[in-house]
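Please read the following notes with the structure open beside them. They are arranged as numbered points, each on one topic.

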Amino acid sequence: MQSEQEQTETRFREAWDAAKEVPIIQDEQKIRKRMTVIQFVTCSFVTLLVFALAFFSKVVAVESLVALGSSILTLACMPYFDILTNVMLLNGIATLSALLQAIAGLVAHGMKGFIASSVVSVAFLIAGFIFFGLNYLRERPNKSMGLLVGLAIGSTFLVSLNWWENYAMLFKINFFKETIQDIKRSRNLVNILSSLVRIAVISIVVGAYVKLSGQDWSSILSVTSSTKIVVLSLFAIQILSSALCRWVAVVACKMHAVRRSFVLPMILASPATLAAFVLAIGTPYIKFRNNANFTGTFSDYCKIFLIVDGPGLRIMKQLVTDLTFEVCASNAYSKGTPVGYALLGCSLVCWWFGLVLCTLYTWFLNTNRLERTKDLFVRNLYEAAFIDQSMLLNTRFEMQERMTIYLCATMWHETQDEMMKMIISMFRLDKFRPKKNNFNDVSFESHIYFDDAFKQTGNERRVNEYAETLAEVIREVYIVFNDDGKGSFRERKPLPEQKIIQTPYGCRLHYILPHGNSLFIHFKDKQQIRHKKRWSQIMYLYYLLGWRLNRQYFLMYKDGVEALADIKERLQKAKENTYLLALDGDTDFQPSAVMLLVDRLRMYPEVGAACGRIHPTGTGPMVWYQKFEYAVGHWLQKTTEHVFGCVLCSPGCFSLFRAAALMDDNVMKRYTTKPSEAAHYVQYDQGEDRWLCTLLLQQGWRVEYNAASDSYTKAPQEFQEFYNQRRRWGPSTMANTLDLLATGSLTSEKNKSISKPYILYQTLTTVSSILGPATVCLMIAGSFKFTLHVNANIALLLAILPPAFYTAICFWLGHTRSGIQISIAAVLSIIYAFLMTATLLSIVADMVLQNTFFTPSGLFFIGITSMYIITALLHPHEFHLIIYGFLYVICIPSGYLLLIIYSMVNMNNVSWGTRESGAPGTSAPTEMHQKNVKCHKLLKLCGYNLEIQVNKDEVVTSTVPLNNPEVQPGGSLEVGESKELSKPEERIQTLIHFIAYNGTEAAVNRRAMAQIFCRRIMAALPGTTSCILSLIIKIIERSVTLSMVSADVYMELDPAASGCERNPLVETPLEMPPPIYASLDGE
């Protein structure tokens, strides 16, 4: 039995720890495929039969009524009314919609803000029908006209049923909800069947109308050529205009131009059409009056009207003539009574105002960019007979909820420039989408998780210089973005107060950005919580998705505020509309890049993550190499994966993740697994972003690539840093790919984007990567044979010996001396680069000598070059990167041979490799012994840091002999055993300071000084390193003549001397308590 405290902790954990890990159970595979086919056919037939019965019971009745109403209205009723009445009569189909809106608002399930407009809309529409009936019944008070008026009014009500789904969602009725869900799951099939039903109903109505009206089919089918021209022309215009209208309206809504490009044109369509008809009829009438001195009324004009004459297209004149005859046939115009005109005008105005008020909600819709059509409109089909009314009434009442995007950046030892780029990007996003904006489609909240942000100062833990640099960067950027004024004389707004909150993991700093969004900085103390990037990601996953998202709905469930089904539905919507943008501390991006990734996830619900085009930044040959490498990788590999299957890795420096995907089974929970085996360290911690994508793919989610979403990140500029970075990436990539291939059969069943051919493609890619070093050796052997003209066996031996020698050296040195391994690789890379250059020149020379490129080497060279050039031409804004292709080619042996050897040998090295000892961005100047420094310069040359220091001479009048510690010139000085210094590198720093010092007068005993150095270095360093350093010191002792040393330098070497202050560089070792590791999963 659990104790009360354990039960309380369990309930508390349930509030935020919603993710779970479940075993994967694979169904039994049927061996006999014939049984599988029979089972599939049988189940499909039963499914289709059940669906057909359900469909006919729920949907066919509505579709039949809609088709009946539209066919009666357009075929039987409208031919007996005038053209102007018909234009505005179509607005009457909004009557039932307005009535349902009003009822839904009154019962508190709809939008209460539109109750008044809905009620007034119903009143206007009913008044329009009353005026319409009075007008025509006054002209023709007989049963046939009464029947036509009644049929017209009833047909409009039937047509209004077409959008019942839009209003059924306002009523919380299970029958409506279940029916709508069934229709959504089979929308395409429903559209096909509803179209067939409409064709059948319209055919029946036409046949019944011809029979009841006493007409003959021969008289209907036999028409004159002019009538055929008019009918076909109107038919073509109707098809093209309605289709284009619907397409352009959808585009306008996706472009956030709902009001001015969708609602306003649709509202004005009917009045504009009415005005166009009036002008088409009235213009010939006015011309006739002016030319023929006609003084009669329009009724008199109708009696003598024959045809519209004059210049213009024949088809247009025919249409205007028929239109005039239709208008003149009405008693309201032929008799021209004022009462008839008044009733006609009142009916037209009431119908239009009723439609405007009924669709008033469309003016206040908040649509998302590139919203899917099915999320904008209830039905995918449109009504061509009344396109403007159907588009307005088909618009959904409730759009998708507002999206929430959490920007989650991880930091460690970034420099000031790198911090500046990322912080500026966050402030840009704050300016792009303020907290209060007109779009109201997305909200941003930024979080920075700062690893190892504390240091020990006395008995206190305080933030280190990197954290202070970040705070200074935020202050500078805040002032820039907060300064909106122009001109020389403007008031600068002060930085608002920051909220500092103490937390179990360290502390949290809260900023309110200039445009209202929030920025949180989480300073992590590695003595309180696990550090490194993956655990920072786990921290924000559980904090944002567990504590901030899931907990509020869990509390609603515990409090019994709503029904469990409603809470689950709201939680699922919140998961789908919550995204996490993973960032590195040096990522630079624009708001448009983020929105492109958002569009990708909004348009495709099955996409769990999306990444963009990563651009490396920096200077030097290593960056040039990486720029071309990144370009080729995105141009060819990323796009291939995106098209044929899905992307295997969404880089953690700039990727957007869906909360619903991260909170799925076996994703977030399994991502918290602590490494317990050797392979775990490689797969889990060395390439955390690739492992997270592997979990998403195995769970059935799709990962996509958007080439237009650009981001920029700092690339390694030094050879050693580059090798250490790729030492992490290479084995991690291989481990995750093998994991995915091992579960390829099950993954292809769960993930529809990963097919068996795609698994085969990845298998071939993996095999080619494994064979890469051997392929490079063969290529080098060919280079030796081609350039040196040696035997093939000798060339192969020459190609194998350097990699074998390098492999042996790497194993012998071990990962503790990886710097020497990288130095050897750098030397071999230069040699290989010269060899590759000579090979390329030899290939070109051979093609010139043979006067043809139809040779094996020539065809290969032309083929590779053409592939790169054509690919670059397809990316014109990145075409300049082709220049770095030559450097990439000559570095192939280094990147695909030496680097792989170095990575495989040092797989047991699980350190991060980059920024291990990076200096802070703008920390306070280090207090070092600089009183004799005359000039100190820091330069950057070809990606390397160069430090130049010039010292000045200093005359010393009194020194202390090393062999007589009792002598006290000018005071007491006693040489005794010095304290052990805290760090070996600080001892070496002191040694370098002493050797670099140059005096002019005081003579010292250099052997005694060397002995002091040896004793103190040995005390600070481990055995092997101490022996090596002792050897180095002896070499220095025999080769360097130190003519002088000042008393203050002597005292610096011996901090225990009386009357001397300790060197500021040498601090007392901090007494640290044992590390306390805590994670968010309760350990």
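1. A residue is called buried under 20% relative accessible area, exposed over 50%, and partly exposed in between. Arginine 462, with a relative accessible area of 46%, is therefore partly exposed. What follows concerns a predicted model, and it should be read with that in mind.

2. Arginine 462 belongs to strand S4, which covers residues 460-463. Leaving aside residues up to four places away in sequence, arginine 462 touches Ala453, Phe454, Lys455 and Thr457. The side chain of arginine 462 is also joined to that of glutamate 460 by a polar contact of 2.8 Å. Further along the chain, aspartate 525 is 63 residues from arginine 462, and the C-alpha atoms of these two residues are separated by 9.4 Å.

3. For the chain as a whole, the model contains 42 helices and 14 strands. The chain has 1083 residues, of which 46% count as buried. Among contacts between residues at least 6 apart in sequence, 77% join residues that are at least 24 apart.

4. In what order do the strands of the open 10-stranded sheet lie? The order is S5-S6-S7-S2-S1-S8-S11-S10-S12-S9, and the pairing is mixed. Strand S5 (499-503) and strand S9 (588-589) stand at the edges with a single partner strand each, so one side of each is left without a neighbour in the sheet. Within the sheet, S2 and S7 pair in the parallel sense over six bridges, and phenylalanine 450 has phenylalanine 523 in S7 as its bridge partner. Helix H23 packs on the sheet, where it touches strand S8 (578-584) and strand S11 (654-658), and its direction makes about 30° with that of S8.

5. The largest nonpolar core has 62 residues, and Phe81, Phe262 and Trp351 are those with the most contacts inside it. Helix H17, residues 338-358, gives the most to this core, with seven residues. Phenylalanine 262, when residues up to four places away in sequence are not counted, touches Ala249, Ala252, Cys253, Ala257, Phe377, Met391, Leu392 and Thr395.

6. A search of the whole structure finds 22 salt bridges. In one of them, glutamate 63 is paired with arginine 379, with the closest N and O atoms 2.9 Å apart.

7. Another salt bridge joins the side chains of aspartate 451 and lysine 524, at 2.9 Å from N to O. Aspartate 451 lies in the loop between strand S2 (442-450) and strand S3 (454-457), while lysine 524 lies in strand S7 (residues 518-524), so this pair ties together parts that are 73 residues apart in sequence. Are these two residues buried or exposed? Aspartate 451 counts as buried, at 5% relative accessibility, and lysine 524 is buried with a relative accessible area of 1%.

8. A further salt bridge links lysine 573 with glutamate 569, and here the closest N and O atoms are 4.0 Å apart. Because lysine 573 and glutamate 569 are four residues apart in helix H23 (residues 564-576), they are separated by about one helical turn. Lysine 573 is partly exposed, with a relative accessible area of 35%, and glutamate 569 is partly exposed with a value of 36%. Elsewhere, salt bridges that share partners join Glu63, Arg198, Arg379 and Glu383 into one network.

9. A last point concerns threonine 373, which is found in helix H18, residues 373-376. The side chain of threonine 373 makes a polar contact of 3.5 Å with the side chain of lysine 254. Not counting residues up to four places away in sequence, threonine 373 touches Arg246, Val250 and Lys254.

Note on methods
Residues are numbered from 1 along each chain as its sequence is written. This is a predicted model: local features need pLDDT of at least 70, side-chain atom pairs count only at pLDDT 80 or more; totals for chains, interfaces and linings use all residues. Side-chain values use heavy atoms; hydrogens and water are left out. Helices (H or I, at least four residues) and strands (E, at least two) are DSSP runs, numbered from the N terminus. A polar contact is a pair of N or O atoms within 3.5 Å; within protein, one must be able to donate a hydrogen and the other to accept it, and residues adjacent in sequence count only if both atoms are side-chain atoms. Contact means heavy atoms within 4.5 Å. A nonpolar core is a set of buried Ala, Val, Leu, Ile, Met, Phe, Trp, Tyr and Cys residues joined through side-chain atoms within 4.5 Å. Buried means under 20% relative accessible area, exposed over 50%, partly exposed in between (1.4 Å probe, protein chains only). Two strands pair if DSSP finds at least two bridges between them. Axes are lines fitted to C-alpha atoms, for helices over the stretch in contact, and angles run from 0 to 180 degrees between N-to-C directions.
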